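Work through the exercises below with the sequence and coordinates open. Each task is followed by a solution in steps.

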Amino acid sequence: MRDRTFAPSRLLIYLIVSLIAAAWLAPLAVVVLNSLRTNEEIAQASMIGWPKQWAWSNYAAAWSGFCVAETCAGIRPYMLNSALVTIPATIFSTLLGAIAGYAVSLWRFRGDSWIYGIVTLGLFLPQQMRLLPWTIVLRDTGLMNTLTGLVVIHTIQGLSFTTLFCRNYYTAIPQELIRAARIDGAGFFRIFWRIILPLSPPILVVTVIWQFTHIWNEFLYGVTFTTGQQQPVTAALIALSAAVADIPQHGVQSAAVMIAALPTLLIYLIGGKYFVRGLTAGAVK
Amino acid sequence: MNIAISTRPGRSATFDLVRRLPEYLTIWVPLLLSAAHLIAFSLWTIWISFTPSTLVPVSGWVGLRNYSAVAASRNWQIALDNLLLFGSAFVLLSLATGLILAILLDQRIRGENLLRSIFLYPLAVSFVVTGTVWSWLLNPGLGIQKLVHDLGWTSFRFDWLIDRDMAIWTIVIAAIWQSSGFAMALFLAGLRSVDADLIKAAQIDGAGPIRMYRRVILPTLWPITITVIVIQLQFAISTFDLVRALTNGGPGIATQLPALVVYDLMFQRSLLGRGAAAAVLMLLILLAVLLPYAAWRYVQRRQAIHA
């Protein structure tokens with residue numbers, strides 16, 4: 001390979017890239033370090049600094065001790081809420097999206113391209129256009145301020161993405177395969193189970209990672225449709241910083257922020273390749 | 001071979017329909033739910049925007065009164081100005097950052113995978129988290145300014161977060177940090193798919209690296225550039241969480257954006273009609289970006305088929 005020698009120009013490239021990378025990592029480093037400094041230490045110095053003593057107790061306090069609004073149970077109940085919304089909604093929307101993607105790309109039925117076209121409009125329609133109708137629907141079904149309500153919202157809205165992802169993937173499967181299976185008497189479900197699903201793991205991983213990350217990180221619906229103890233962790237974090245504005249506890253807050261960010265960060269670390277695939281697949285709509 | 005093709009002699013169409021009911025339900029229920037909610041919700045919000053609804057939705061017709069009220073409000077005017085500034089600054093700067101990063105990473109450097117992961121990780125984190133962290137870093141009494149003061153340079157000022165005129169730039173900074181990696185990923189994919197023969201031909205013609213990028217490689221990237229611009233604009237238009245966590249629209253209403261105005265009208269002031277009108281205006285702004293893009297995509301696809 002060329003250019004293995006260290007020309008000055010290459011040194012410059014490495015220098016620039018490393019500097020930008022350092023800038024990109026700095027916010028993460030600041031939060032990690034702050035999550036291990038005491039509130040008093042941060043108050044005396046600034047948010048940017050090396051811990052004098054390692055305050056591991058911040059994490060225990062953030063997890064189950066400190067107060068958000070009137071409740072002093074730490075961030076744990078809100079993490080649980082987020083998990084109870086994100087996991088079912090991810091599973092449902094992925095599974096339904098896989099079936100729908102298979103139906104419109106391979107099974108084919110009258111009106112399939114029409115309905116698919118409408119469903120993908122969901123990629124563009126701003127959430128603000130759906131806020132009031134969801135409010136009415138949740139109120140009339142008694143799902144307002146429940147985790148079930150959020151699961152329903154994220155499942156139905158997620159279908160636009162999951163159907164698109166799966167449909168684009170399934171169009172690569174030859175139609176003849178399905179036709180042959182139908183002539184052999186295999187029905188809709190058997191073909192899905194025996195032919196489509198075994199071919200699906202790569203796209204299902206992309207879809208699950210995409211959905212999990214988006215639903216976990218979602219804020220607007222969480223803050224609009226739930227209050228108090230029912231809020232997901234993103235909404236609770238905002239409530240927390242409002243609640244402690246008078247007496248800042250930046251060490252504990254940093255630990256809370258780290259805990260809230262950890263699930264999606266871990267998924268990114270483990271499945272980064274698939275995360276990026278979803279990102280670019282979503283881009284080439 | 002089995003003879004089970006859909007038309008079985010001796011069995012009625014009704015029987016066939018019942019037998020295949022689970023299949024029809026599985027296909028149609030999720031798709032119809034999704035499509036119906038998109039259409040019905042949009043139409044309903046549009047309808048509400050023409051009614052005098054305040055605390056609860058009511059019927060009635062007020063024409064464009066909600067729209068003129070929103071358009072005349074200071075909140076909305078500031079939001080539009082901010083959107084224009086934030087949208088253009090963010091899109092241009094994240095495009096430039098993404099392109100530079102992609103070109104740098106494309107120089108066959110060591111540790112490319114690690115670097116790529118570093119530039120992309122903010123996309124895995126929620127805007128609430130990144131907004132909160134940036135609000136600490138940019139807070140003059142806590143973050144960068146405080147650090148520089150503690151180091152002895154006490155005349156240093158970096159207080160955009162509390163400066164009415166500059167506060168919108170803190171959102172630009174955080175947004176660039178969060179999503180330049182996305183532009184980088186797409187540009188990198190584009191750079192990697194440039195025709196090798198094209199590069200070879202240019203090398204034979206004696207093109208240096210800068211000339212090569214300007215004349216040969218970058219021109220092939222413009223379809224990707226347009227896609228990136230449109231996606232980043234779509235993000236800019238609907239930005240909500242980031243502002244909520246970073247400045248909450250402040251100081252005062254200096255960093256107001258359309259999505260915050262919608263939320264404020266709907267849920268804090270309980271002016272449903274006006275909130276719906278603001279949401280429809282947001283949709284129109286979005287369509288002003290997306291429709292030309294869709295038309296462009298359509299033409300491109302037609303040309304690709306005819307070529």
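**Exercise 1.** At what angle do helix 13 and helix 14 of chain B pack, and how far apart are their axes?

Solution. The model is predicted: local features need pLDDT of at least 70, side-chain atom pairs count only at pLDDT 80 or more, and totals for chains, interfaces and linings use all residues. Residues are numbered from 1 along each chain as its sequence is written, with chains lettered from A and ligands numbered from 1 in the order in which they are written.

Step 1. Helix 13 (residues 258-268) and helix 14 (residues 272-306) of chain B pack at about 160 degrees, with axes 7 Å apart. Helices are DSSP runs of H or I, at least four residues, numbered from the N terminus; axes are lines fitted to C-alpha atoms over the stretch in contact, and angles between N-to-C directions run from 0 to 180 degrees.

Step 2. That angle makes helix 13 of chain B roughly antiparallel to helix 14 of chain B (over 145 degrees).

Step 3. Among the residues that meet are B:V262 and B:L265 in helix 13 of chain B, and B:A278 and B:M282 in helix 14 of chain B (contact: C-beta atoms, placed from the backbone, within 7 Å).

**Exercise 2.** Describe how helix 4 and helix 7 of chain A cross.

Solution. Step 1. The axes of helix 4 (residues 76-107) and helix 7 (residues 147-170) of chain A come within 6 Å and cross at roughly 35 degrees.

Step 2. The crossing of helix 4 and helix 7 of chain A is right-handed (the near helix is turned clockwise from the far one by less than a right angle).

**Exercise 3.** How many residues does each chain give to the contact between chain A and chain B?

Solution. Step 1. Chain A gives 68 residues and chain B gives 71.

Step 2. On the side of chain A that touches chain B, helix 13 (residues 250-283) of chain A gives the most, with 13 residues.

Note on methods: Helix = DSSP H or I, 4+ residues; strand = E, 2+ residues; numbered from the N terminus. Parallel < 35°, antiparallel > 145°, perpendicular 65-115°, else oblique. Contact = placed C-beta atoms within 7 Å.
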